[in-house]
Amino acid sequence: MTGFVLDRVPGITQGAGAIDRLGEIAARLSGGAPVMLVADPGLGPSGAIERAQAALRAAGLEVVLFTGFKSDPTAAQVDDAAALARSERVGAVAALGGGSALDVGKAVAALAPAAAPAEHYALCANPLPSGPLPKICAPTTSGTGSETTRTAVVTTASGAKVWLWGDEMKADAVVLDPTLCVGLPPHLTAATGIDALVHAIESCTNANAFEANDIYCHAAIRLVARHLPRAVERPEDLAARGGMQLAAAFAGIGIDNCGTAIAHNIGHALASLRPVHHGRAVGLALLATLPWNVAADAEGRFAAAAEALGERREATRLPGAFDRLLRRVGVKVSLAGEGHDDVTPERLARQMAAPENAPMRRSNRRPVEDEDLLVFARAVLRQS
Ligand SMILES: [Fe+2]
């Protein structure tokens, strides 16, 4: 048999009100030292930051709050937070927010033990410092899966998006409180939920896929099929929100072990040319490429994904089922009329061939030839 490595999964605590247990979890990990709370500044009106602070203080912990970043965090912002973590001698980091907040929190905890800036470690140029601070992730969106991956993405001074990667970046504990997600508007619930679904589908059908990881991917697909429409239609439904939180965390485990594939290649290429939400971009890319991918389903991986999505165990069922779900949750499939006509199929295809997008192309199970790129680019830009 072919060998595999199923990486460690953080301890997961889920339930309505689970954020109130942040203090006891952090106290265990920090040994009583101050805890840095890296929180998305956009959470202000929700009261989530105050609730997390109260939980930490109730456990007798001093809180060092850091909110100095926005979406697409910069390496400089991570450096500022890591310097603060060192000067305040924090013993653990708790991250609260969407993917950006979790990425900042993970990076700070990994980089705080040494003085070198984040860019020093970009793209695994240098090994991460030993002895990372323990970290806890409490997501308020259900999509990126950052809470269960070893990756963070930061923007460098030159504007390039680069990743930091390593076991030192992985959370030790994850807190999933569905009450933190009820304020997420329907269009973002849909787009982030589709991102989680694409993670799950790509990581159980790509060239790296293996059976032990399929368990998480298939569970994530089933959870999205069952809960995403309800979470979009009834934002306050805690069962639906909880289902989507678990789906995103499981799909994060899926990509942490096996990565993504051509839909993420196209999604990243598209988003670098025009402002399209990442979840929508990878959703449209999967829609455009699934028929081509399922036509070569020799090992039945796409058939198994179709079954998880509630269809018969036949690969050809998957594109239609995905299409219906995408439209049901209100994701706009056509990119026409959005004022970006300068994005031609040729430009998009060139971007898909760029070195930074090569790993996602390579991991696709069916080999993607150069001539396929333009065909896919046309399909993504012209589907309706
Ligand atoms: Fe993604």
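Leu-96 belongs to strand β4, which covers residues 92-97, and in this predicted model the residue has a relative accessible area of 2%, so that Leu-96 counts as buried. If the reader moves along the chain from Leu-96 to Ala-240, the separation in sequence is 144 residues, while the C-alpha atoms of the two are separated by 20 Å.

The relative accessible area of Phe-322 is 0%, and because burial is a matter of falling under 20%, Phe-322 is counted as buried. Which residues are in contact with Phe-322, once its neighbours within four places in sequence are left aside? They are Ile-194, Leu-197, Val-198 and Ile-201, together with Gly-283, Leu-286, Leu-287, Leu-290 and Leu-309. For Leu-197, which stands 125 residues away from Phe-322 in sequence, the distance in space is 9.3 Å from C-alpha to C-alpha.

The phi angle of Leu-123 is near 55°, which is a positive value in a residue other than glycine, and with a relative accessible area of 47% Leu-123 is partly exposed. Cys-124 lies in the loop between α4 and β5 as well, and its phi, near 60°, is again positive in a residue that is not glycine. Is Cys-124 buried or partly exposed? Its relative accessible area is 39%, and therefore Cys-124 is partly exposed.

From this cysteine the reader may turn to the question of disulfides. A disulfide would require a pair of cysteine sulfur atoms within 2.5 Å, and by this rule the count for the model is zero. Cys-204 is in no disulfide, since the nearest cysteine sulfur, which belongs to Cys-217, is 4.9 Å away and the cut-off is 2.5 Å. Cys-258 likewise takes part in no disulfide, and for Cys-258 the nearest cysteine sulfur is that of Cys-217, at 6.4 Å. Cys-204 has a relative accessibility of 0% and so counts as buried, and Cys-258, at 2% relative accessibility, counts as buried too.

With these residues in place, the chain can be taken as a whole. Its secondary structure comes to 14 helices and eight strands. The radius of gyration is 20 Å, close to the 21 Å that the globule rule gives for 384 residues, and the chain is therefore as compact as a globular protein of that length. The C-alpha trace spans about 55 × 50 × 40 Å along its principal axes.

How much of the chain is buried? Of its 384 residues, 57% count as buried, and the accessible surface of the chain comes to about 15,300 Å², with 53% of that area belonging to carbon and sulfur atoms. When contacts between residues at least 6 apart in sequence are considered, 78% of them join residues that are at least 24 apart. As for charge, the chain has 36 positive and 40 negative charges, and the mean positions of these two sets are 3 Å apart.

Technical notes: Residues are numbered from 1 along each chain as its sequence is written. This is a predicted model: local features need pLDDT of at least 70, side-chain atom pairs count only at pLDDT 80 or more; totals for chains, interfaces and linings use all residues. Side-chain values use heavy atoms; hydrogens and water are left out. Helices (H or I, at least four residues) and strands (E, at least two) are DSSP runs, numbered from the N terminus. The radius of gyration is taken over C-alpha atoms; the globule rule is 2.2 Å times the number of residues to the power 0.38. Buried means under 20% relative accessible area, exposed over 50%, partly exposed in between (1.4 Å probe, protein chains only). Contact means heavy atoms within 4.5 Å. Accessible areas come from the Shrake-Rupley method with a 1.4 Å probe; for residues, only the protein chains shown count as cover. Lys and Arg count as positive and Asp and Glu as negative; His and the chain ends are not counted. The place of a charge is taken as NZ of Lys, CZ of Arg, CG of Asp or CD of Glu.
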